[in-house]
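Dear colleague,

I am passing on the structure that we discussed, and my notes on it follow below. Please read them with the model open beside you.

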Amino acid sequence: MEETITKESKWKKEEEEEAKIQIYKYVFGFAEAAVIKCAIELKIANVIESHGRPTMTLSQLSTALNCSPPLLFRIMRFLTHRGIFREETTPENLIAYSQTPLSHMLINVAPLLLLENSPEIVASWHNLSAKLKNSYNNNENSDLVVPFEVAHGKDIWSYGARNPGFNRMFNEGLGCNARVITLPAILENCGDIFNGVESLVDVGGGNGTTLSVLVKAFPWMKGINFDLPNVVSTSEKYDGVEHVGGNMLDFVPKADAAFFMCSLTDEEYSLPPKSSITCSIGVVRGYAFRV
């Protein structure tokens, strides 16, 4: 009996010691995202990529970035430990760094990472508890209030309309996600669903990145990028893509098919009766299907 109590006490002590270690992962959990954001803002991966040689020494990198070598070394030590860059030693016994598949991806998804780590989006995460309390204590419509609204007093679309910098970052981030992650998967696995579609309206198409890729892949197709006026007013011009401003709850431009890059449920949205659209293709949570 005494031996059993001793073992249980030992296990409990070991668990408590492990908990002391693990808790620091949460205390400093923000640090990983902050360092990666730092790497993106300094364009570390871009500089190493354009160096012209497989590796770049710490001295060369610090000079190119105009950064303190000791401080940059600490940042690079963190990033190499996470596998984002590779640390090597030159024949001259100097510390050098090279790219990895992850650092290449860092270049490609930089706009999305900057968006998700922006003060506006992070503030939403810091209001999760307020969202839950609000949903429990307030009226029946409280479940429709999202953390972003709790943090900023307005929905993300209204906020973007009043803050051009965030609006641009938001649309660049979503465009990056479509270009790098979603569209390659769709084109590779189910691109044939666009056969015979002569016109396609992207509902909530942001800056038009999605349609620019699709009309390039299917040159017979005309694209209509449909989003709020403040969004399409700053969108880049693409061959084969027409930008149309409006609200999907009021109307949707006429086309052979509609493209949605989100999940639409009865509780969230419903297409207006007066929308003159034949919806033959839908995309929900990244999966394409015929309707």
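Does Thr80 count as buried or exposed, and at what relative accessibility? Thr80 counts as buried because its relative accessibility is 18%, where buried means under 20% relative accessible area, exposed over 50% and partly exposed in between, with a 1.4 Å probe and protein chains only.

Before going further, please note that this is a predicted model, in which local features need pLDDT of at least 70 and side-chain atom pairs count only at pLDDT 80 or more, while totals for chains, interfaces and linings use all residues. Residues are numbered from 1 along each chain as its sequence is written, and side-chain values use heavy atoms, with hydrogens and water left out.

The protein has 14 helices and 9 strands, these being DSSP runs numbered from the N terminus (helices are H or I with at least four residues, strands are E with at least two). Of its 291 residues, 36% count as buried.

To return to Thr80, this residue lies in helix 5, residues 69-81, and its side chain reaches the backbone oxygen of Arg77 at 3.0 Å. Leaving aside neighbours within four places in sequence, Thr80 is in contact (heavy atoms within 4.5 Å) with Phe85, Arg86, Glu87 and Tyr97.

Strand 1 pairs with strand 3 (residues 95-98) over 2 bridges, and two strands count as paired if DSSP finds at least two bridges between them.

Elsewhere, strand 4 (residues 199-203) and strand 5 run parallel and are joined by 5 bridges, with Ser199 having Lys222 as its bridge partner in strand 5. Strand 5 (residues 222-227) is mostly covered, since 5 of its 6 residues are buried.

Tyr24 lies in helix 1 and counts as exposed because its relative accessibility is 51%.

With best wishes

Terms used:
Polar contact = N/O pair within 3.5 Å; in protein donor to acceptor, adjacent residues only side chain to side chain.
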